[in-house]
Amino acid sequence: MRMVNVLLDSEWTDWLPIHVWLLEHKDGLIVVDTGERHDAPILPVVKLQVTPETDLGFQLKRMGINPEKDVQCVIQTHLHGDHVGGIGTFGKTPVLVSALAWQGMQGVSGWFTRQIAKVSIPSRLEPSIIGFSSNPFGSFEQSCPVTKDGAVKIVPTPGHTNGHVSVIAQSEGLSYFLAGDTSYSETAMLERVPSGFSSNDKLEIETHTKIQAFARQHATVYLPSHDPESAFRLAQKRVVQVT
Ligand SMILES: [Zn+2]
């Protein structure tokens, strides 16, 4: 019913960001999520302020970055439409996607997602499936190292979608937790409130509990994609306070 209410509600939030993250690593740049594209088809219940200048490919080129040559990999936290808009920008650069997320794009559910939910992913895309090992990382039983030095890892954070993942980048004693839609805000994670489009509330709340446990062990800057405070917390390196 919460999802139905989200669709029927005539009230709007303030404008929210759709964050894309660019990690500088000595082995090459890493992009986490690819945002919304200005010409992507959207559902009538959504309002967007996106332009050709906000497209990921345009912004990378403006920074002097060649998406096909300078980026070592792209990681998708999940495959909702507002996170995959620039997924076709990177040529042969590996695009890392969880097995569950990619399965969800196949068969009938995949057709529904592409046609009805307007998620446009190039048909030629052959993602690299994230290989989780039972290598615990903090409170997470499984993890997948992205870089040889282990500074960037992927952890499973199911709930918003079953195959949702987050990226943890560690630098100078801080863990930057790139949370995708694990929650829509830091407050929601701390209060264990499932997101509006959570596919599994129980799993999402368990994920919030694991993130809190991780943040007790590691000084963590928590950065959800749509939290208006994320950019400020990143700039201030403000660590999440877990009681
Ligand atoms: Zn989402």
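Modeller: Helices here are DSSP runs of H or I with at least four residues, and strands are runs of E with at least two. On that basis this protein, which is a predicted model, has seven helices and ten strands.

Biologist: Why does the radius of gyration of the protein agree with a compact globule?

Modeller: For 243 residues, a compact globule would have a radius of gyration near 18 Å, and the protein has 17 Å, so the two agree. The C-alpha trace spans about 45 × 45 × 35 Å along the principal axes.

Biologist: How many of the 243 residues count as buried?

Modeller: The share is 39%. The cut-off for buried is 20 or more other C-beta atoms within 10 Å.

Biologist: What share of the contacts between residues at least 6 apart in sequence join residues at least 24 apart?

Modeller: It is 59%. A contact requires C-beta atoms within 7 Å.

Biologist: Which residues touch the most other members of the largest nonpolar core?

Modeller: Ile30, Ile75 and Phe177 do, in a core of 46 residues. Nonpolar side chains tend to be buried together in soluble globular proteins. For Ile75, the contacts beyond four places in sequence are Ile30, Val32, Leu96, Val146, Ile154 and Val167.

Biologist: What makes β1 and β5 edge strands?

Modeller: They belong to an open sheet of five strands, ordered β1-β2-β3-β4-β5, with mixed pairing. In that sheet, β1 (21–23) and β5 (128–129) each pair on one side only, and these are the edge strands.

Biologist: How do you know that β4 and β5 pair?

Modeller: Pairing needs at least two bridges found by DSSP. Strand β4 (residues 95–97) and β5 have two bridges and run parallel, so by that cut-off they pair. Leu96 has Ser128 in β5 as its bridge partner.

Biologist: What makes strand β7 mostly covered?

Modeller: In β7 (residues 152–156), five of its five residues are buried. In a regular strand the side chains alternate between the two faces of the sheet. In β7, Val152, Ile154 and Pro156 lie on one side and Lys153 and Val155 on the other, and all are buried, so both faces are covered.

Biologist: Which strands are joined to β7 by bridges?

Modeller: Strand β6 (residues 144–145) is joined to β7 by two bridges, running antiparallel, and Pro145 stands opposite Lys153. Two bridges meet the cut-off for pairing, so β6 and β7 count as paired. The two strands form a hairpin with six residues between them, and Gly150 in the turn has a positive phi of about 75 degrees. Strand β8 is joined to β7 by five bridges, also antiparallel, with Ile154 opposite Val167.

Biologist: In what sense do β8 and β9 pair, and over how many bridges?

Modeller: Strand β8 (residues 165–171) and β9 pair in the antiparallel sense over five bridges. Val167 has Leu178 in β9 as its bridge partner. A hairpin is formed by β8 and β9 with two residues between them, and Glu172 in its turn has a positive phi of about 50 degrees.

Biologist: What makes strand β9 mostly covered?

Modeller: Six of the seven residues in β9 (residues 174–180) are buried. Strand β9 is also joined to β10 (residues 220–224) by five bridges, and these two run parallel. Ser175 stands opposite Thr220 in β10.

Biologist: Why is Ser171 called partly exposed?

Modeller: Ser171, in strand β8, has 13 other C-beta atoms within 10 Å. Exposed would need 12 or fewer and buried 20 or more, so Ser171 falls in between. Ala151 is 20 residues from Ser171 in sequence, and their C-alpha atoms are 7.2 Å apart.

Biologist: Why does Lys237 count as partly exposed?

Modeller: The count for Lys237 is 13 C-beta neighbours inside 10 Å. Lys237 lies in the segment after α7 (230–236), and although not a glycine, Lys237 has a positive phi of about 50 degrees.

Conventions: Residues are numbered from 1 along each chain as its sequence is written. This is a predicted model: local features need pLDDT of at least 70, side-chain atom pairs count only at pLDDT 80 or more; totals for chains, interfaces and linings use all residues. The radius of gyration is taken over C-alpha atoms; the globule rule is 2.2 Å times the number of residues to the power 0.38. Two residues are in contact if their C-beta atoms, placed from the backbone, lie within 7 Å. A nonpolar core is a set of buried Ala, Val, Leu, Ile, Met, Phe, Trp, Tyr and Cys residues joined through C-beta atoms within 7 Å.
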